[in-house]
Amino acid sequence: MQRVNLSTVSEFVFVGLSDAPEIRLLLFVLFLLVYLATMAGNLTLLVAISTDSHLHSPMYFLLGNLSLLDLLCPTITVPKMLGALLLEHKEISFSGCLLQHFSLIAVVGTEIFLLTVMAYDRYVAVCHPLRYPSIMSRMLCAQLAVGTWASGLLNSLLHTSLVFTLSFCGPNKIQQYYCDIPPVLALSCSSTHSRELVILVVAGVLGSSACVVTVVSYIYILLEILARNSPGVWHKAFSTCGSHLTVVCLFYGTTICTYVRPSFTYAPHWDRIVSMLYGMLTPLLNPIIYSLRNREVKCALKRVISQVRRAL
């Protein structure tokens, strides 16, 4: 039986953010500082959650998973982008592009499911505070965390197989700084309509389901707050849910603008900006949002910093 080569393209070339040397150097320094700040913020939050006994609860266990995802998301794309800006090494092999694509979609999908689980956790904490320890047990938290990671990997496997089993036999310049679904689909020399439809349906169903669970959770939280009609309850609920709600709005807005739409609406310059929001800015802001709005996290971070100072 004759073997069919599904791709005649052996490598892809990223279209740089800028071709001007002075702008490239400025962008390199800017993105390097953002990346280092993101790594430092999320690593510090992870250390605080893992070492401080006051943060050994379901909410912070899920927050630790979010910080891990926020470490992985920029690490998948930013080092390659920095190399392209500094060394002008813009090429990536076909297998390297496939791996980068799979890893990024897995992380993004996992984060969507994790934010949904965190919304349910906040619902239980506000609406059923006395039953919270029994409902959100360690076993359930572990199962939910494993489920989010497994769902993200399976979702990424489906999307990656749909994209990279297409034929690529013409242009190989990706109008992006990493291997994303819309710009890679635009390079295929075979028909992509059916696969785009499947991608849109799967992303739409999973994304809308996660969004519905999140919205319903917060509707119940709002109804519970209105039923109690106490200023103290409003303040406690806002301090409990405000950080998560801010992160959800920021993350969902950027990912929906990027993925849940047909490829003919793809605009390279606009999409680079949007992708930077969820790929670089959101992982940077998440630990800041949670630490500024949460007294326990701030106290834990102060203890970690003081321990580091004593050690030094």
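Q: At what angle do helix H2 (residues 58-87) and helix H3 (residues 94-127) pack, and how far apart are their axes?
A: H2 and H3 pack at an angle of about 160 degrees, and their axes are 10 Å apart. Axes are lines fitted to C-alpha atoms, for helices over the stretch in contact, and angles run from 0 to 180 degrees between N-to-C directions.

Q: Why is H2 called roughly antiparallel to H3?
A: The angle is about 160 degrees, and that makes H2 roughly antiparallel to H3, since angles over 145 count as roughly antiparallel (under 35 is roughly parallel, 65 to 115 roughly perpendicular, the rest oblique). H2 passes H3 in a left-handed crossing: the near helix is turned anticlockwise from the far one by less than a right angle, whereas clockwise would be right-handed.

Q: What makes up the contact of H2 with H3 by class?
A: This contact has 15 nonpolar, 5 polar and 5 charged residues. Ala, Val, Leu, Ile, Met, Phe, Trp, Tyr, Cys and Pro count as nonpolar, Asp, Glu, Lys and Arg as charged, and the others, Gly among them, as polar.

Q: How are the model and its numbering to be read?
A: This is a predicted model, in which local features need pLDDT of at least 70, side-chain atom pairs count only at pLDDT 80 or more, and totals for chains, interfaces and linings use all residues. Residues are numbered from 1 along each chain as its sequence is written, and side-chain values use heavy atoms, with hydrogens and water left out.

Q: What makes H5 and H7 roughly antiparallel?
A: Helix H5 (residues 138-164) and helix H7 (residues 193-228) pack at about 165 degrees, with axes 10 Å apart. That angle makes H5 roughly antiparallel to H7. The crossing of H5 and H7 is left-handed.

Q: Which residues make the contact of H5 with H7?
A: From H5, they include Asn155, Leu158 and His159; from H7, they include Arg195, Val198 and Ile199. Contact means heavy atoms within 4.5 Å. By class, the contact of H5 with H7 has 8 nonpolar, 3 polar and 1 charged residues.

Q: Why are H2 and H5 called roughly parallel?
A: Their axes come within 10 Å and cross at roughly 20 degrees. H2 and H5 are therefore roughly parallel to each other. The crossing of H2 and H5 is right-handed. Their contact involves Pro58, Phe61, Asn65, Leu68, Leu69 and Leu72 of H2 with Cys141, Ala142, Ala145 and Trp149 of H5. It has 9 nonpolar, 1 polar and no charged residues.

Q: What makes E2 and E3 edge strands?
A: The open sheet has 3 strands in the order E2-E1-E3, with mixed pairing. Strand E2 (91-93) and strand E3 (173-174) are its edges, as each pairs on one side only.

Q: How do you know that E1 pairs with E2 and with E3?
A: Two strands pair if DSSP finds at least two bridges between them. Strand E1 (residues 11-14) and E3 run parallel, joined by 2 bridges, while E1 and E2 pair in the antiparallel sense over 3 bridges. Phe12 has Ile92 of E2 as its bridge partner. Phe14 stands opposite Ile174 in E3, and Val13 stands opposite Lys173 in E3. H3 packs on the sheet, touching E1, E2 and E3, and its direction makes about 85 degrees with that of E2.

Definitions and conventions: Helix = DSSP H or I, 4+ residues; strand = E, 2+ residues; numbered from the N terminus.
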